[in-house]
Amino acid sequence: MMSDYQVPTARVTSSERRGFEVSIDDEPGISLFAFHGSLNKRIADLNDQTWAADIIGKDKDGRWTYTNRDVELKDGDVIYYWTTVRYNGRDYHRMNQSAGF
(Lines give C-alpha, C1' and ligand atoms only; values in the text may rest on other atoms or scores of the structure.)
Protein backbone atom coordinates (compact mmCIF):
# COMPACT_ATOMS: atom_id res chain seq x y z
CA MET A 1 0.00 0.00 0.00
CA MET A 2 1.42 3.40 -0.99
CA SER A 3 1.32 6.33 1.37
CA ASP A 4 0.11 9.76 0.37
CA TYR A 5 2.73 11.36 2.64
CA GLN A 6 4.38 14.44 1.12
CA VAL A 7 7.76 15.66 2.35
CA PRO A 8 7.32 19.18 3.74
CA THR A 9 8.72 22.00 1.63
CA ALA A 10 12.04 23.12 3.05
CA ARG A 11 12.80 26.69 4.07
CA VAL A 12 16.25 27.88 2.95
CA THR A 13 17.72 30.93 4.71
CA SER A 14 21.05 32.74 4.85
CA SER A 15 22.17 35.61 7.01
CA GLU A 16 25.07 37.83 6.02
CA ARG A 17 25.76 35.51 3.03
CA ARG A 18 27.93 33.34 5.27
CA GLY A 19 26.50 29.85 5.38
CA PHE A 20 22.87 28.79 5.10
CA GLU A 21 20.20 26.74 6.80
CA VAL A 22 17.67 24.32 5.33
CA SER A 23 14.80 23.32 7.60
CA ILE A 24 11.32 21.84 7.76
CA ASP A 25 8.55 22.07 10.33
CA ASP A 26 8.15 19.16 12.70
CA GLU A 27 5.24 16.78 12.21
CA PRO A 28 4.24 13.78 14.34
CA GLY A 29 5.89 10.69 12.84
CA ILE A 30 9.11 12.36 11.60
CA SER A 31 12.26 10.72 12.98
CA LEU A 32 14.90 11.95 10.49
CA PHE A 33 15.48 14.81 8.05
CA ALA A 34 18.24 14.53 5.42
CA PHE A 35 19.64 17.27 3.20
CA HIS A 36 21.69 16.70 0.02
CA GLY A 37 22.89 19.77 -1.86
CA SER A 38 25.27 21.36 -4.31
CA LEU A 39 26.27 24.97 -5.02
CA ASN A 40 25.65 26.24 -8.58
CA LYS A 41 25.54 22.70 -9.99
CA ARG A 42 22.38 20.76 -10.71
CA ILE A 43 22.22 17.35 -9.08
CA ALA A 44 22.16 14.72 -11.80
CA ASP A 45 21.90 11.62 -9.62
CA LEU A 46 21.65 10.70 -5.95
CA ASN A 47 25.44 10.55 -5.50
CA ASP A 48 26.08 13.94 -7.12
CA GLN A 49 26.24 16.38 -4.20
CA THR A 50 28.61 18.59 -2.23
CA TRP A 51 26.80 18.35 1.10
CA ALA A 52 24.92 15.43 2.63
CA ALA A 53 23.73 15.24 6.21
CA ASP A 54 21.22 13.33 8.31
CA ILE A 55 19.54 15.37 11.04
CA ILE A 56 18.24 13.12 13.82
CA GLY A 57 16.72 15.69 16.17
CA LYS A 58 14.81 18.96 16.21
CA ASP A 59 16.46 22.28 17.02
CA LYS A 60 15.45 24.61 19.85
CA ASP A 61 12.70 26.07 17.64
CA GLY A 62 11.17 22.64 17.04
CA ARG A 63 12.35 22.48 13.41
CA TRP A 64 14.51 19.89 11.65
CA THR A 65 17.47 21.99 10.49
CA TYR A 66 20.65 21.45 8.47
CA THR A 67 23.18 24.23 9.11
CA ASN A 68 26.21 25.05 6.97
CA ARG A 69 28.42 27.85 8.31
CA ASP A 70 31.28 27.40 5.85
CA VAL A 71 30.10 28.39 2.38
CA GLU A 72 30.21 32.04 1.34
CA LEU A 73 27.25 32.89 -0.88
CA LYS A 74 27.37 35.52 -3.63
CA ASP A 75 24.59 37.23 -5.56
CA GLY A 76 23.31 34.83 -8.17
CA ASP A 77 24.41 31.67 -6.34
CA VAL A 78 21.93 28.77 -6.41
CA ILE A 79 21.77 25.85 -4.02
CA TYR A 80 20.35 22.79 -5.76
CA TYR A 81 19.12 20.17 -3.32
CA TRP A 82 16.86 17.29 -2.41
CA THR A 83 15.53 16.27 0.98
CA THR A 84 14.47 13.06 2.66
CA VAL A 85 12.15 12.61 5.61
CA ARG A 86 11.77 9.40 7.58
CA TYR A 87 8.07 9.35 8.40
CA ASN A 88 6.61 6.49 10.43
CA GLY A 89 9.72 4.44 9.67
CA ARG A 90 9.74 4.92 5.87
CA ASP A 91 11.88 7.29 3.81
CA TYR A 92 10.25 9.80 1.46
CA HIS A 93 12.07 12.18 -0.90
CA ARG A 94 11.44 15.63 -2.33
CA MET A 95 13.68 15.91 -5.39
CA ASN A 96 14.79 18.73 -7.74
CA GLN A 97 14.63 21.68 -5.34
CA SER A 98 16.61 24.92 -5.59
CA ALA A 99 17.07 28.22 -3.76
CA GLY A 100 18.66 31.33 -5.24
CA PHE A 101 20.53 34.13 -3.48
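Asp25 stands opposite Arg63 in strand 5. Strands here are DSSP runs marked E, at least two residues long, numbered from the N terminus. The model is predicted, so local features need pLDDT of at least 70 and side-chain atom pairs count only at pLDDT 80 or more, while totals for chains, interfaces and linings use all residues. Residues are numbered from 1 along each chain as its sequence is written, and side-chain values use heavy atoms, leaving out hydrogens and water.

Strand 2 and strand 5 run antiparallel and are joined by seven bridges. Two strands pair if DSSP finds at least two bridges between them. Strand 2 also meets strand 1: these two are antiparallel as well, with three bridges. Val12 is one place to look, with Val22 in strand 2 as its bridge partner. Between strand 1 and strand 2, the hairpin has four residues. One of the hairpin's residues, Glu16, takes a positive phi near 60 degrees.

Is Asn68 buried or exposed? Asn68 is buried, because its relative accessible area is 7%. The cut-offs are simple: buried means under 20% relative accessible area, exposed over 50%, and partly exposed lies in between, using a 1.4 Å probe and protein chains only. The side chain of Asn68 makes a polar contact of 3.3 Å with the side chain of Tyr66. A polar atom of the Asn68 side chain also lies 3.1 Å from the backbone nitrogen of Val71. A polar contact is a pair of N or O atoms within 3.5 Å; within protein, one must be able to donate a hydrogen and the other to accept it, and residues adjacent in sequence count only if both atoms are side-chain atoms. Contact means heavy atoms within 4.5 Å.

Nonpolar side chains in soluble globular proteins tend to be buried together. The largest nonpolar core here has 21 residues, and Phe20 and Phe35 touch the most other members. Strand 2 (18-25), strand 3 (30-39), strand 4, strand 5 (63-72), strand 6 (78-87) and strand 7 (90-100) each supply at least two residues of this core. A nonpolar core is a set of buried Ala, Val, Leu, Ile, Met, Phe, Trp, Tyr and Cys residues joined through side-chain atoms within 4.5 Å.

Look closely at Phe35. Beyond its neighbours within four places in sequence, Phe35 contacts several residues, including Phe20, Val22, Trp51, Tyr66 and Tyr81. Phe20, Phe35, Trp51, Tyr66 and Tyr81 form one aromatic cluster.

The structure holds eight aromatic pairs. Rings of Phe, Tyr and Trp (its six-membered ring) pair if their centres lie within 6.5 Å; planes under 30 degrees apart count as stacked, over 60 as edge-to-face, and the rest as tilted. Tyr5 and Tyr87 are stacked, because their ring centres are 3.8 Å apart and their planes stand at 10 degrees. Tyr5 lies in the segment before strand 1 and Tyr87 in strand 6, so this pair ties together parts 82 residues apart in sequence. Phe35 and Tyr66 are stacked too, with 4.6 Å centre to centre and 20 degrees between the planes. This pair links strand 3 to strand 5, with Phe35 and Tyr66 31 residues apart. Both Phe35 and Tyr66 are buried.

Finish at strand 4. Strand 3 and strand 4 pair in the antiparallel sense over five bridges. There, Phe35 has Ala53 in strand 4 as its bridge partner. Strand 4 has two faces: Trp51, Ala53 and Ile55 are covered, while Ala52 and Asp54 are uncovered. Asp54 counts as exposed because its relative accessibility is 51%. Leaving out residues up to four places away, Asp54 touches Leu32, Phe33 and Ala34.
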